[in-house]
Amino acid sequence: MKQNKILATLWDYFLMTVGAVIFCMAWTSFIIPNGLASGGLTGFCTIIQYGTGIPIGWTYPILNVLLLILGFLSLGKGFGFKTIYVIGLTSILFEILPQFPNLMVLMDEKLLVALVGAAMESVGIGLVLLRGGSTGGTDIVALLWCKFHAASPGRVILIIDVGIILSSLLFPSYTDAGELLPFTEKLAIVVYGLAQVTVCGYSIDLYLSGTKQSVQVFIFTKKVTEMADAIAFDMKRGVTVIPAKGWYSKEEKEVVMVVTRKADLNLLLKYVKTIDPEAFLSVSSVMGVYGQGFDTIKVKGKN
């Protein structure tokens with residue numbers, strides 16, 4: 001049991017590492033080199049610097065520390081340690097990856113850059129969120145909000161990023177040469193930035209919802225006890241045995257019912273085939289599964 005837990009933890013950190021690499025490459029290879037508008041905590045700190053003169057080097061770590069404290073208190077120590085790991089890793093990658101110019105993709109078609117960057121960013125963030133961590137910044141805000149409200153992380157991140165990018169129109173921007181950027185060019189950058197965060201937000205939701213989809217399986221087998229024990233104790237999934245009666249044969253039977261994640265369906269089918277190749281199955285998708293290790297019930301409004 002302890003060994004399985006260690007392996008599961010290592011698997012979580014491996015997937016978060018892959019997600020962090022993909023996330024950083026989206027920014028260093030596509031978004032930053034092509035000068036697209038920035039959302040997230042980085043964009044918010046940039047706006048603070050424009051408006052108040054307080055450098056981003058001060059506001060970014062302070063706000064991230066405050067958000068991490070809130071994450072520790074509300075989402076648990078596991079979330080905090082994983083988020084610290086991802087933030088540390090992404091900070092290192094943001095320093096290392098720009099040292100490889102060949103990884104930078106410079107394109108005149110900004111919309112294509114925005115879409116590719118958004119797709120990569122959403123996969124990276126999705127992998128990290130799925131394993132219980134975050135990339136810091138607005139991801140933490142989204143997870144805190146979703147814990148107490150019926151909303152999706154991608155939508156919350158999208159709303160925050162849209163607000164940050166739109167607010168950048170209130171402050172002047174400058175070129176690398178120090179000249180004031182024309183408003184039309186700035187507006188175009190903002191539009192591409194909005195396209196990028198919109199695709200990213202919806203892609204995160206699609207990715208997370210796809211991995212969280214559940215199925216309900218009814219198994220009709222003559223080896224009920226053996227089948228239920230294997231699924232419950234070997235596969236570690238909840239099992240319910242329901243009394244039933246075949247109307248044609250008038251024979252009393254028992255049906256094994258299992259609710260599990262769609263991603264685990266192939267594993268369940270292997271168990272069933274190994275135990276009883278002649279078993280009859282009925283598999284159906286379910287709209288939502290709450291409690292007992294699945295989703296938490298969240299309702300809008302007060303009781």
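Let us begin with a working definition: contact here means heavy atoms within 4.5 Å. Axes are lines fitted to C-alpha atoms, for helices over the stretch in contact, and angles run from 0 to 180 degrees between N-to-C directions. Helices (H or I, at least four residues) and strands (E, at least two) are DSSP runs, numbered from the N terminus. The model is predicted, with local features requiring pLDDT of at least 70 and side-chain atom pairs counting only at pLDDT 80 or more, while totals for chains, interfaces and linings use all residues. Residues are numbered from 1 along each chain as its sequence is written, and side-chain values use heavy atoms, with hydrogens and water left out.

With those terms in hand, turn to the sheet. Two strands count as paired if DSSP finds at least two bridges between them. Four strands make up an open sheet in the order β2-β3-β1-β4, and the pairing is antiparallel. At its edges are β2 (239-246) and β4 (280-286), each of which pairs on one side only. On average, and ignoring direction, neighbouring strands of this sheet are turned by 25° against each other. Helix α9 (residues 224-234) packs on the sheet, where it touches β1 (214-220), β2 and β3, and its direction makes about 155° with that of β2. Helix α10 (residues 265-275) lies across β1, β3 and β4, and runs at about 10° to β1.

Now zoom in on one pair of strands. Strand β3 (residues 251-261) and β2 pair in the antiparallel sense over eight bridges. Along this pairing, A244 stands opposite K253 in β3, and V241 stands opposite V256 in β3. The hairpin of β2 and β3 has four residues between the strands, and there K250 takes a positive phi near 60°. K250 is not a glycine. For side-chain exposure, buried means under 20% relative accessible area, exposed over 50%, and partly exposed in between (1.4 Å probe, protein chains only). K250 is partly exposed, with a relative accessible area of 46%. Which other lysine has a positive phi of about 60°? That is K236, again not a glycine, placed in the loop between α9 and β2. K236 is exposed, its relative accessible area being 52%.

The helices deserve a look too. The expected span of a helix is 1.5 Å times one less than its number of residues. Helix α5 (residues 110-130) has 21 residues and reaches 30 Å from its first C-alpha to its last, close to the 30 Å expected at 1.5 Å a residue. Its buried residues include V113, A114, G117, A118, E121 and S122. After α5 comes G132, whose phi is positive, near 90°. Helix α7 (residues 153-167) has 15 residues and reaches 21 Å between its first and last C-alpha, close to the 21 Å expected at 1.5 Å a residue. Among the buried residues of α7 are V156, I157, L158, D161, I164 and I165.

A tyrosine brings another helix into the picture. Y207 is found in helix α8 (residues 183-212) and is partly exposed, with a relative accessible area of 26%. Leaving aside residues up to four places away in sequence, Y207 touches G126, L127 and L130. The C-alpha atoms of Y207 and S122 are separated by 8.0 Å, although the two residues are 85 residues apart along the chain.

Finally, consider charges and cysteines. Side chains of opposite charge can pair when their charged atoms come close. A salt bridge is a side-chain nitrogen of Lys or Arg within 4 Å of a carboxyl oxygen of Asp or Glu. How many salt bridges does this rule count? The count comes to one: D12 with K82, their closest N and O atoms being 3.3 Å apart. This pair links distant parts of the chain, with D12 in helix α1 (residues 2-31) and K82 in helix α4 (residues 77-96), 70 residues apart. Both ends are buried: D12 has a relative accessible area of 14%, and K82 has 15%. As for disulfides (pairs of cysteine sulfur atoms within 2.5 Å), the structure holds zero. C24 is buried, with a relative accessible area of 0%, and C200 is buried at 4%.
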